[in-house]
Amino acid sequence: MKFADVLASLIHDMKNSLGLVINTLEEFTADPEDARLDRKRIVALQQEAKRLNNHLIELLTLYKIENERISPHIEEWNVGDFLEELVIENRASAEAKKVQLEYSSDPELYGYFDEGLIRGVINNLLGNGLRYTSSRLLVSGGQEKGFLVLRVEDDGEGFPTEMLDVQAGGCQSDETTGEHTHLGLYFAGLVASMHRNKDRQGHISLSNGHTLGGGCFSLWLP
Amino acid sequence: MKKRPPVNFRTSDLEKKSFLIIDDFGDMRGMIKGMLQGIGVTRLDVAANGKDAVGAMEAKRYDFILCDYNLGPGKNGQQVLEEARYRNLIGLGSVFIMITAENTLDMVMGAVEYEPDSYLTKPFTKDLLRVRLNKMVEKKNNLQDVERAVDRKDFEVALVLLDKKIAGKPRNLRELIKLKAELCFRAGDYQQAATILEGIIAEREMSWALLGLGKVHCAREDYEKARALFEKLLLQNERFTSAYDWLARTLQMLDRYEDAQEVLEKAVTLSPNAILRQQALGLLAIKNQDEETASKALAKAVKLGRHSVYKHPSVNASLAKIRVRMGAGREGMKILKNMLSEFPDSKEASLYAAMAECVIHSDAGDKDAAEASLQRSAELHEQIGLDAGPEAALEMVRVCDKLGDSDKAKNLLHTVVINNHSDDRLLRDVGKLMIELGLHSDPESYIEGIHKEVVNINNQGVELAKSGRLKQALDHFEEAAQGMPANKVVNLNAARVLIMNMKENGVGRGQLGRVKQYLERVRKLDDEDPGLRRVHAMYRQLSLQS
């Protein structure tokens, strides 16, 4: 995927979000009698606004990676603390969709990563997860094969087979179906691969039916 | 996998704390205020710009400062942080949280001296703010005793406290080890700092550990090793700007001034708003006789200085001289005029202005005006005395030499060298200046000669004290301290022998006062001098006993 394609795809998605926001607001303002604002629609607004914000951060990051050859600013983070914050940030959206959002990690687990970059990736994954899960969403941290593994998994239908295939091809597909999800993959893969330690490099992997039975996205950081 | 129970702090933990919100947008201030009140915070002030924020911090100690990075015209968030920490408006126990609009990478990397305790990226929710604040309280509470000791510059005690915590293998063990390495470095225990940092690097080449180890090599004057480390660090992460600063410093110690300039120029393109870096580049470019670069960097430094605690009249004066030399005479004089209104009532600024005027008049062939400026410079320099620092003295040397008074120039140089015989960096500059002005055929052996002289004086005194002739040792060092009032080693030795004498022959009020005086002199020169802390501990012990 080239930066220009990413850009077009992101703009497309953000335009959709904005369209939704504008329409909902129009509905509100068109009917002066509707003083009691519908909570459900407000939550929808909030979600679209968050989505927009995540995309803008993503876009900015991609721009920087492309143009300024940024190197990640690796620091040591307590994984539990980090995941707790992410869950709190997304709690309101999850409650509105009646999704049980949780995190789990050994409180003593420390990881080495660029906090800003990984936060962006996980926020996107949680946003997507909230769309596709049926009732639960879990973000977890653990140590496997010498890597820090951050997982976002749900109890939904799981990833379609063609997406599981895409990862084998290294996110190079330019299929038009499910474009946005591929974009998320591209971004996550790019950020993961920017993390290196000695001769090892970060990567992502997709699978179905981990502990919750649905889709499971794993971020492997050396 | 274990799940950690949520951190539930008593609300009173935050309720008791005082907060300052700094943001130029009223809506944003209102929103953060609302969030904090929702969390239970009651003691809360707001400021709309950097100036008001500093005013608020001058009037009151805050536990938490939430500051937006962008504050419109005037100081930015980083400059507010610098001023607050530099002037001790907030203690180490206070929490400074920088609020930023987006990915903060560039700003984190651009900072030279101070980093905030935490960053918050907009937009954030009340829940996130609460969790973050509680974590910071927990962290600060945990380190309160250590930070109090660090505030007093009592690193030995801080390290003992820290070791006790480390022995308990707490959750934040690695954070504590990082702090320990830093404190060992500041305490002058380079061996231990190196051991800790090397251990970390063997596991993972963390940027901060590589930088820290490089600084240790620098402190041990192992410049080649330091250079290799800084270069390696930059190869891994070319945007790690503080590594450029240290690499440039190291290259200068290796006499590679032009390479050093190149390094700083690169850092300045990456992060142009660090005032200390622009100052360093400007001064280096002057040494390299690159007027174009010097002028650009100094102009930027002066501009950044308007809102910074790091502004210094010597920078403005250097810019004025350069501009005049480049043919912009009127602009140069205007810079000097502006400088005097920027540093009102500052004798130091008047001194630098007079010295610069002297050079400018002299270059213009106006001998009378130059003589008058020299007269004024000399008077001011005399009045300010030692507080003017060796840099001002070296500038005086230049001025005196220019007006043909090479005897005065040589006298001044001698004073600088005897008072700073252990400062390699400064002595290098002295040597360079002597060559430039042709003041001595062999500056190196001249400086070496004086260095040996001072070392001998110290050794003689120490020998006298060791052999029990305390009275003679005392006279010896007090006389030496009179002749070299800004020499750290001599002043510390004078204080040390006074203390030994009082231990032997009883404490006298007058002698205690003199010890305090000597220590005060050293503190003014370098308040983190390891020797100062040792002698100060002896002094404290003695005054407690009496």
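## Burial and overall form of chain B

In this predicted model, buried residues account for 40% of the 546 residues of chain B. The secondary structure of chain B consists of 27 helices and 5 strands. Of the contacts in chain B that link residues at least 6 apart in sequence, 54% are between residues at least 24 apart.

The C-alpha atoms of chain B occupy a box of roughly 75 × 65 × 45 Å along the principal axes.

## Contact between chains A and B

Chain B contributes 24 residues to the contact, and chain A contributes 27 residues. On the side of chain B that touches chain A, the elements giving two or more residues are helix H5 (105-110) and helix H6 (126-151) of chain B. H6(B) gives the most, with 4 residues. By class, this side of chain B comprises 11 charged, 8 nonpolar and 5 polar residues.

## Helix H13 of chain B

Helix H13 of chain B covers residues 257-270. Its 14 residues should span 20 Å at 1.5 Å a residue, and its end C-alpha atoms are 20 Å apart, which agrees.

The buried residues in H13(B) are Ala260(B), Gln261(B), Val263(B), Leu264(B), Ala267(B) and Val268(B). They lie on the same side of H13(B), because they cover an arc of only 160° around the axis. An α-helix has 3.6 residues a turn, so residues three or four places apart point the same way. The cover over the buried residues of H13(B) includes helix H12 (241-253), helix H14 (275-287) and helix H15 (291-305) of chain B.

Note on methods. Residues numbered from 1 in each chain as written. Chains lettered and ligands numbered in written order. Predicted model: local features only at pLDDT ≥ 70, side-chain atom pairs only at ≥ 80, totals over all residues. Buried ≥ 20, exposed ≤ 12 C-beta atoms within 10 Å, placed from the backbone. Contact = placed C-beta atoms within 7 Å. Nonpolar A, V, L, I, M, F, W, Y, C, P; charged D, E, K, R; others polar. Expected span 1.5 Å × (residues − 1). Arc of directions from axis to C-beta.
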